[in-house]
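I opened this notebook to record what I looked up, one topic at a time.

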Amino acid sequence: MHSFLKNDAFYHLSKEQKQQIEKNAIRKRFKRGTVVFNEGDPADGVYFITEGYVKVYQNTENGRERALAILKPGDVIGEMAAFGQNLRSASVKVIEPTEAYFIPQHLFEELLLTIPAFGLKITEIVTERLRWANKQITQLAGDSSRGRVIGQLLYLAEGYSIKHKKGILIKPRLTHSDIAALAGVVRETVTKIYNDLEDRGIITFEKRHLIIRDVERLKNEANLYM
């Protein structure tokens, strides 16, 4: 079995502990656009992402989508189940073909009890997720629409990109609506900002991937609109 615990987050677990956890996992693959689960569904287990990208989101009262996070290989989906949350607090949709290992809820709870170090790491993951969410709330409350959009692009450049001959390529293919949902703006605002940044040579697109051609200029843009 492919080790989904090989990333740095679980380095402190022994080989035997990792094997005990992994033997309870079920490998799953999801196509782009697949909804893994919906907000309000029963929390039936936890997913450990090994390939691809997913979007975590909620639907607001006015029907708009509010994106909470983009998760990547090494991230965990549904970790709040460790704290007795019986229903999913958000929906998850696949934005790039994804592989994940699923541990059913009852087995996950048993592992948390029998391997305390594993439970501690899950707690740290939840804490870090909440810290990031608070940072997002602060940014959305304080920045202008343009500043929020550019802030999301810089966030993606930091943790979701690879070097490209034209600059930095954002690996997940996010639509204008995806960025709008992350930044808390309407899609038309993202389109307008993209057009301006592209006209000025700061970003470009290739095969539906966004490429940041000049990160420093983009950072300067962010400072202007905070």
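Entry 1: I looked up P42 and found 59% relative accessibility, so P42 counts as exposed. The cut-offs I used are under 20% relative accessible area for buried, over 50% for exposed and partly exposed in between (1.4 Å probe, protein chains only). I am working from a predicted model, where local features need pLDDT of at least 70, side-chain atom pairs count only at pLDDT 80 or more, and totals for chains, interfaces and linings use all residues. Residues are numbered from 1 along each chain as its sequence is written, and side-chain values use heavy atoms, with hydrogens and water left out.

I placed P42 in the loop between β2 (35–37) and β3 (45–59). Helices (H or I, at least four residues) and strands (E, at least two) are DSSP runs, numbered from the N terminus. Next I checked contacts, meaning heavy atoms within 4.5 Å. Leaving aside neighbours within four places in sequence, P42 touches N86, L87 and R88. I also took the C-alpha separation of P42 and T60, which is 20 Å for 18 residues along the chain.

**Entry 2: aromatic rings.** I found twelve aromatic pairs in the structure. Rings of Phe, Tyr and Trp (its six-membered ring) pair if their centres lie within 6.5 Å; planes under 30 degrees apart count as stacked, over 60 as edge-to-face and the rest as tilted. For F4 and F48 the ring centres are 4.9 Å apart and the planes are at 40 degrees, so I logged the pair as tilted. F4 sits in the segment before α1 (15–22) and F48 in strand β3, so this pair ties together parts 44 residues apart in sequence. F4 has 4% relative accessibility and counts as buried. F48, at 2%, counts as buried too.

I then took F4 with Y101. Their ring centres are 5.2 Å apart with planes at 20 degrees, so this pair is stacked. Y101 belongs to strand β6 (residues 91–104), and the pair links parts of the chain 97 residues apart. Both F4 and Y101 are buried.

**Entry 3: charges over rings.** My criterion was NZ of Lys or CZ of Arg within 6 Å of the ring centre and within 35 degrees of the ring normal. K28 lies over the face of F102, 5.5 Å from the ring centre. K72 lies over the face of Y160, at 4.8 Å.

**Entry 4: helix packing.** Axes are lines fitted to C-alpha atoms, for helices over the stretch in contact, and angles run from 0 to 180 degrees between N-to-C directions. Helix α4 (residues 145–159) packs on helix α5 (residues 176–183) at about 105 degrees, with axes 9 Å apart. I therefore noted α4 and α5 as roughly perpendicular. Angles under 35 degrees count as roughly parallel, over 145 as roughly antiparallel, 65 to 115 as roughly perpendicular and the rest as oblique. R148, V149, Q152, L153 and L156 of α4 meet I179, L182 and A183 of α5.

I turned to α6 (residues 187–199). The axes of α4 and α6 come within 10 Å and cross at roughly 70 degrees. These two are therefore roughly perpendicular as well.

**Entry 5: cover on α5.** Six of the eight residues of α5 are buried. I listed them as D178, I179, A180, A181, L182 and A183. Just after α5, G184 takes a positive phi of about 75 degrees.
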